[in-house]
Structures are given as C-alpha cells and as structure tokens.
Amino acid sequence: MTATVPAETAKVGAGRMSRREVLQALSGLMVGMFVSILASTVVANALPRIIADLNGTQTVYTWIVTTELLAMTATVPLWGKMADLYSKKLLIQLSLGLFVVGSLIAGLTPNVEVLLASRVVQGIGAGGMTALATIVMAAMIPPRELGRYAGIFGAVFGVGTIAGPLIGGVLVDTSWLGWRWCFLIGVPFSLLSIFLLQRTLHLPVTRRKVKIDWVGALLITAGVSTVLVWSSLAGNKFAWASGWTALMVGGGLALLALAVWVESRAAEPIVPLDIFRNRTVSLTTVASILVGVAMFGGTVFLSQYFQLSLGKSPTVAGLMSLPMILGLLVSSTVAGQLITKYGRWKRYLVTGAAVMVVGMLLLATIDAGTSVVLLSVYMAVLGVGVGMLMQNLVLAAQNDVPAHELGAATSVLTFFRSMGGTIGVSALGAVLANRVATLSAEKLGPLAGGAPGGEGSTEVPDLSTLPEPVLRIIQDVYGTATGELFLVATPFAVLALVVVLFIREKPLHTLSGEERRAREEAAAAVPGAH
C-alpha cells in the first residue's frame, strides 16, 4: 500500500482479506476448532470405561463433563473482553497452550480428582478457543459472506464430532492404547494449530490503554460456579428443597448481583451491561441459554444410553452418533449458503427451533427396546434443528452490534449457551441418577441395594459382571430414564422457539468487523459525526 493512501481508507481496506488469505487464516483456526470439539466428543464413549477403571460414581461421570463446561463457561466472557483489547492471535495461541497442558495432565491422571482438575484447565483453554474462533471469523468476514464459509466450519464441526466418538471408541477397545489416549491425542493437533496460526493469521492490533475488570471477572466466575455446583449436587447429595440449596443458590445469586453492580461502574466491564439494551442480543442470549439446556443436557447422556441400555461397545456407540451429526452438518451448511445467497436468516432460526422441539419429543419416546433405525431418525431430526439454530443465533447478534462490541456480544452468547449447557448437564445428570436409583428399587426389590446403579449405590454398572436377569433390568432402567430425560428437556426447547419468534430480522452487513470498526473510528474522529 502506498503512502499516498489516506489513513481512513488504508484502515478500512486493511480489514478486507482476499478469499485465499481468509482460507489460509482459517486453516489454523479450523485445526484449533477441531481440537476443542474433539476434546468433548472423543471422551464421550470412553467415560463408562474411565469411571470403571478409576472407581468413579454416576456423580463423577457427570462431573467429568461438567467441570470442563464449567471452566469454559466461566472464562468465556473474560476471553471475549480481552479479544476487544489485545491481540486475538496471541490469545488463541495462549488458549491452545492451556489446552495442551490440561490434556497432558488428563492423559497421565492417577485418579478421578486429578482428572477433574485437568478438565478445568482444558475447559479454560477450550473457552478461549470457542469464544475467539467466532470473534476472529467476524473480524475477517462480513456477516453477509459468513454463510460461504459455514460449509467449512460445518465440515470441521461434523468431522470432529463424528470422528471423536469413533476415535474414542477405537482407543478404548484397543488394549495397547486405552482411554488415556483420548486425552493425549489432542496434543499434536493443538501444537499444529499454534504453528499454523503463527504463519497465517494476520489481524491488525489496536493498541490502547486497557484495564481489565478483575473484580467483576472474579465475582461472575464465583457466582456462576456456585450455581452450577448446586445444580450438580442438588437431588443427589442433598434434597432440592434444603438448607444447602438455600445457601448455595442464595450465595450464588448474591455474588452475581454484586457482579452486576461492579460491572455497571467499571470503566472496562467484562460483560458490558448496556449491550442488553439491544433487543436482538437480549433475545438471542435467552435463546442460547435454552438451547444449551435442551441440547447439552439431553444429548450428553446418549453415549451412556448406547452402552448401558443397548449394550453396544464404545466403537459402535461412536458410530451410532453419526445421524445426529450428519443432520447438523447438512442443515448448517445448506442454511449458511442460502443466507449468503438471499440475505435472509430469521426463517432458518424459526425452522431450526421448531425441528429441535420435534427431535426432543421423538427422543423422549426411547427405551431399551427402541430400534437403531428409529433412533437414528430421531437423532437426525434433532441434528437438523440444532444445525439451523445455534450458529445463526450468533450471526443475528453479531450483525446487530457496533464493531467494537463484536467480541463482547459473541462471548456473551457463547457464555450463556455454555452456562445453559452446564446447568443442563448438571441438573439432568442429577435427575438421571435419581430416576435410575428409583426405577432400580422398584424393579429389583430387595436386590436393589446391592445392584450397581440401584438404591444405596451410585456406581455406574459394569454390565459384564451382572447376572442375566439383573442385566436386563438395569438396561431397561437406563433406557427408560434416558427417555424421561429428553421429556424433561423438551420444555426448554419449546421456550427457545417462542423466544426466536420475537427476534426482528435486519439486513446483513456487507463489511467485515475490522472494516466496520475502522469506519466507526473514522466517523468518531470527525467533529459532529454520528
């Protein structure tokens, strides 16, 4: 670029990257996304074996998933805020580095306590990757053009989600590898992503005086964590209506109320409260919470259902998740292309939410006798709905905020979706554990106290050690309890549909986030400009 180009023009032009440059920059981003997706999916089919080897319980089963989600949820707003202030490239590399450390600790863990701690470190890294990948995409690519790249994102998401359970199942079933490699396998991919990002991602860094609101960050993290810990323990370690519930919920809400007060007075708040004055951001946030509860809360226990109720091996359980992922992949790709072509997006939000409700209702009918073909159809329906809904909620919010709030808006949505998912996994995990214990007591009678998963026992059963009559009953119990879980989650999907109906459709921007930011700054520098 020559020196004769005006500063404002240069700045705006610098924001636009050619398709080739975008694809090169996306290479490292996609590998990083693949790693973060792989982290949650590769362990899914290994969990029953991990729990058995480390002598864990149903509560620990839930917490291995929940701790990563908890750490990811609590740190997403901080990552998003830092993305508005510091180098996005450096932050993504830092998040991947943390993920490598967590993966190494998890792969070498001697017990469930160390495993849970490592999942926290993994979650912090995954939180950075989850928040920053979408922020960087918005910085490089105009909302109107994002659909063109949705196919790439969809393919990576699909491959990571499909390959994860399959890889996990094969690793668990291969005697000379084992479940520890479910964690270690992500390390080389993370290192490759760090290298590729260093070579290909080049975004302008706006250098200005910054001040992170650490008090607000601490209060948000503490408040959210307290509520999430309560949702995991209530109904299991203590009654829903108990002194512990009052203490933990009251304490968590008090911390969050204090966080709101601190954020309202902070110069650089972690979550800018005025962002919620935007109708689209507020509605997409509520919808994201509900989608998180319904989606994560219901589906995270499907792998357990495949293995414990249907008696499938970890590898077969991985294959059984294919219909849902293929449905998600196809619908997100097709919807993205159509949005880019026609510029209309609300119809896909509404259709996706409606289809998700149907999928949840269908899965609420499953039990130990459900055929694999029928189950596959139900899962595909849910996948189609979620594929049209989740990413387009983010698109709607990003399109309706100023460029300098892109990071905050994106991280707020990711934060609340993850929080909804974590609450869903925790609360529905407690419901599942209760139903399994109750149904076992009803069906096994006096034998229930000594049966794995029965009354008086919270252990996840090892089916190979059970006598035939007890095995059939336990399989039936887990099948019935899993179906009931989707029925409990369905109202959240219905509420998501209602909220989506109230979102107003607005034309999509044709400038990238960096171009919009440059124009906003140039306009602000002109006296009397609005």
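Mentor: A helix here is a DSSP run of H or I that covers at least four residues, and helices are numbered from the N terminus. The model before us is predicted.

Trainee: Why does V260 count as partly exposed?

Mentor: The relative accessibility of V260 is 45%. Buried means under 20% and exposed means over 50%, with partly exposed in between. V260 therefore counts as partly exposed, at 45%.

Trainee: How far apart are V260 and L219 in sequence and in space?

Mentor: In sequence, 41 residues separate V260 from L219, yet their C-alpha atoms are 9.0 Å apart.

Trainee: Is T75 buried or exposed, and how do you know?

Mentor: T75 lies in helix α4 (residues 58–85). Its relative accessible area is 15%, and the cut-off for buried is under 20%, so T75 is buried. The C-alpha atoms of T75 and I220 are 9.1 Å apart, although the two residues are 145 apart in sequence.

Trainee: What makes α5 and α6 roughly antiparallel?

Mentor: The axes of helix α5 (residues 88–107) and helix α6 (residues 112–140) cross at roughly 155° and come within 8 Å. Angles over 145 degrees count as roughly antiparallel, and α5 and α6 therefore receive that description. Where the two meet, the residues of the contact divide into 18 nonpolar, seven polar and one charged. The crossing of α5 past α6 is left-handed.

Trainee: Why is α16 called roughly antiparallel to α19?

Mentor: Helix α16 (residues 346–363) and helix α19 (residues 468–501) have axes that cross at roughly 165° and come within 8 Å. That angle makes α16 roughly antiparallel to α19, since the cut-off is over 145 degrees. α16, too, passes its partner α19 in a left-handed crossing.

Trainee: What makes α18 mostly covered?

Mentor: Of the 39 residues of α18, 30 are buried.

Trainee: What are the span and the expected span of α17?

Mentor: Helix α17 (residues 372–399) has 28 residues and reaches 41 Å from its first C-alpha to its last, close to the expected 40 Å.

Trainee: Where is the kink in α17 centred?

Mentor: The kink in α17 is centred on N392 and amounts to about 30°.

Terms used. Residues numbered from 1 in each chain as written. Predicted model: local features only at pLDDT ≥ 70, side-chain atom pairs only at ≥ 80, totals over all residues. Heavy atoms only, no water. Axes fitted to C-alpha atoms, helices over the stretch in contact; angles between N-to-C directions. Helix = DSSP H or I, 4+ residues; strand = E, 2+ residues; numbered from the N terminus. Parallel < 35°, antiparallel > 145°, perpendicular 65-115°, else oblique. Left-handed = near helix turned anticlockwise from the far one by under 90°. Nonpolar A, V, L, I, M, F, W, Y, C, P; charged D, E, K, R; others polar. Expected span 1.5 Å × (residues − 1). Bend = angle between axes of the 7 residues up to and from the residue. Buried < 20%, exposed > 50% of the residue type's maximum accessible area, 1.4 Å probe, protein only.
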